[in-house]
Amino acid sequence: MVPLLLVLLLALVLFGAGFALKALWWVAVIVLVVWLLGFVVRPAAGGGRKGRWYRW
């Protein structure tokens with residue numbers, strides 16, 4: 001009974017890790033799109049910042 005529970009627990013952990021990694025990939029893609037849109041939306045901002053809408 002204990003080995004069966006361990007295998008089930010391992011399967012649940014691996015499924016959770018796979019789901020978390022897939023969710024992190026989607027978050028990374030969304031952040032990349034927003035970052036790229038920052039260059040397109042405000043390409044000619046004033047000052048010497050070269051159109052970057054973020055501080056760094």
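Colleague: What span does helix 1 reach from its first C-alpha to its last?

Modeller: This is a predicted model. Helix 1 has 40 residues and reaches 58 Å, close to the 58 Å expected at 1.5 Å a residue.

Colleague: How many helices and strands does the chain have?

Modeller: One helix and zero strands.

Colleague: Is helix 1 largely buried or in the open?

Modeller: Buried means under 20% relative accessible area. Of the 40 residues in helix 1, the number buried is one, so the helix lies largely in the open. Across the 56 residues of the chain, buried ones make up 5%.

Colleague: Which residues make the nonpolar surface patch?

Modeller: In general, residues three or four places apart on an α-helix point the same way, because there are 3.6 residues a turn. Here the patch covers about 960 Å², and its members include Trp26, Val29, Val33, Leu36 and Val40.

Colleague: Why does Val40 count as exposed?

Modeller: The cut-off for exposed is over 50%. Val40 lies in helix 1. Its relative accessibility is 61%, so Val40 counts as exposed.

Methods:
Residues are numbered from 1 along each chain as its sequence is written. This is a predicted model: local features need pLDDT of at least 70, side-chain atom pairs count only at pLDDT 80 or more; totals for chains, interfaces and linings use all residues. Side-chain values use heavy atoms; hydrogens and water are left out. Patches are made of residues with over 30% relative accessible area and no salt bridge: like charges are joined within 9 Å, nonpolar side chains (Val, Leu, Ile, Met, Phe, Trp, Tyr) within 5 Å. Accessible areas come from the Shrake-Rupley method with a 1.4 Å probe; for residues, only the protein chains shown count as cover. A salt bridge is a side-chain nitrogen of Lys or Arg within 4 Å of a carboxyl oxygen of Asp or Glu. Helices (H or I, at least four residues) and strands (E, at least two) are DSSP runs, numbered from the N terminus. Buried means under 20% relative accessible area, exposed over 50%, partly exposed in between (1.4 Å probe, protein chains only). The expected span of a helix is 1.5 Å times one less than its number of residues.
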